[in-house]
Amino acid sequence: MQDMVENGGRRTQLLRGVLDLCLLTVMAEGPAYGYEMTRRLGARGLSMVGEGSIYPLLGRLERDGLVDTHRAASDGGPPRKYYELSSLGRKALREGVFEWETTRDAVDAALGLTATEVTA
Amino acid sequence: MNSFVAACRREWRRLGVPEAVANEMASDLQADLAEAEADGVSPEEVLGNGYFDPEGFAASWATARGVVAGSPRPETGDPHRPWARLSATLVCGVAALVGLVVVVAGRQSSTAVAGVAFRRSAVPGMPSVPGVLVEPQKLFMAHHGAAFALVGGVLLLAGLAGLAVILLVWRPWRGRGRGPSPDRDIGMPSYL
């Protein structure tokens, strides 16, 4: 546990469990290519430095049918692969967000109880 | 070409990723890295930890897309193939059971004929005519009982041998999920 705290492993593990939801969320704003999604995540305060890459995850989302893809010209650049939510992806996002909120609330409650016990 | 992208291409070639797919991934990666550079964004921000391990990154991406040649697609990547195993178990089990039934029936048929020879007539008032009431199928079994027992024995042995082989190959007592995952097969870090 000490290693996990010192090496920032906890953040990585937490992010690993929800990065797919983050990607689906930024895709819900509109179709985006890989780097565009990195930008959108960054705008929400989520940096990928020191974390996993989004590319394998995008491949997995595509393979699982949660995103649709098409190639189109980007602004002044070469054609890019755009990802957008499929109907299955929207459903997965709704369910995932619900699971996240449920888990987060339970953890918040547990941590709040612990904090009370520690400070008492 | 960016050296990172070049390293990825080499890895995709090594893994047998179809050329068209590799071209597409390389093109997207190249364009993303060029755009990030123009924005003053570090490659690490785009690639995460994969930036420090291009081969692992490339393998991870290709595997996630299910385009690595010779490896099972991740969604069907259970190394134990449960349906095939279940079907084989069912076939061998049925063969063993049928074999057992045939062996027992073949053995009983010869004694059944002897019993039938002393059966009495079921019609009141009619004299008993031993041997007349023998049923044709029982006679057939009596004459061919040995052959049936032989066929049944072969079926039984084949079924049991099949079950033994399945148990040896599957080894359920070692627990599920001990086999390497498709990701580990190609020796890559688990980025996601």
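Begin by selecting helices α2, α3 and α4 of chain B, which are included in what covers the buried residues of α1(B); elements here are DSSP runs numbered from the N terminus, helices being H or I of at least four residues and strands E of at least two. The model is predicted: local features need pLDDT of at least 70, side-chain atom pairs count only at pLDDT 80 or more, and totals for chains, interfaces and linings use all residues. Residues are numbered from 1 along each chain as its sequence is written, chains are lettered from A and ligands numbered from 1 in the order in which they are written, and side-chain values use heavy atoms, with hydrogens and water left out.

**Helix α1 of chain B**

Phe4(B), Val5(B), Ala7(B), Cys8(B), Arg9(B), Glu11(B), Trp12(B) and Leu15(B) are the buried residues of α1(B), buried meaning under 20% relative accessible area with a 1.4 Å probe, protein chains only. Beyond the helix comes Gly16(B), whose phi is positive, near 75 degrees. The helix covers residues 3–15, and its 13 residues should span 18 Å at 1.5 Å a residue, in agreement with end C-alpha atoms 18 Å apart; the expected span is 1.5 Å times one less than the number of residues.

**The interface with chain A**

Now display both chains. In contact (heavy atoms within 4.5 Å) are 30 residues of chain B and 28 residues of chain A. The two chains bury about 2500 Å² between them, 49% of it on carbon and sulfur atoms; this is the accessible area (1.4 Å probe) lost on being put together, summed over both. Seven salt bridges are found across the interface, each a side-chain nitrogen of Lys or Arg within 4 Å of a carboxyl oxygen of Asp or Glu. On the side of chain B that touches chain A, the elements giving two or more residues are α2 (19–39), α3 (43–47) and α4 (54–65). Of these, α2(B) gives the most, with nine residues.

**Asp32(B)**

Finally, centre on Asp32(B), in helix α2 of chain B. Is this residue buried or exposed? Asp32(B) is buried, because its relative accessible area is 2%. Asp32(B) forms a salt bridge with Arg80(A), the closest N and O atoms being 2.4 Å apart. Not counting residues up to four places away in sequence, Asp32(B) touches Tyr33(A), Gly34(A), Tyr35(A), Tyr55(A) and Arg80(A).

Methods:
Buried means under 20% relative accessible area, exposed over 50%, partly exposed in between (1.4 Å probe, protein chains only).
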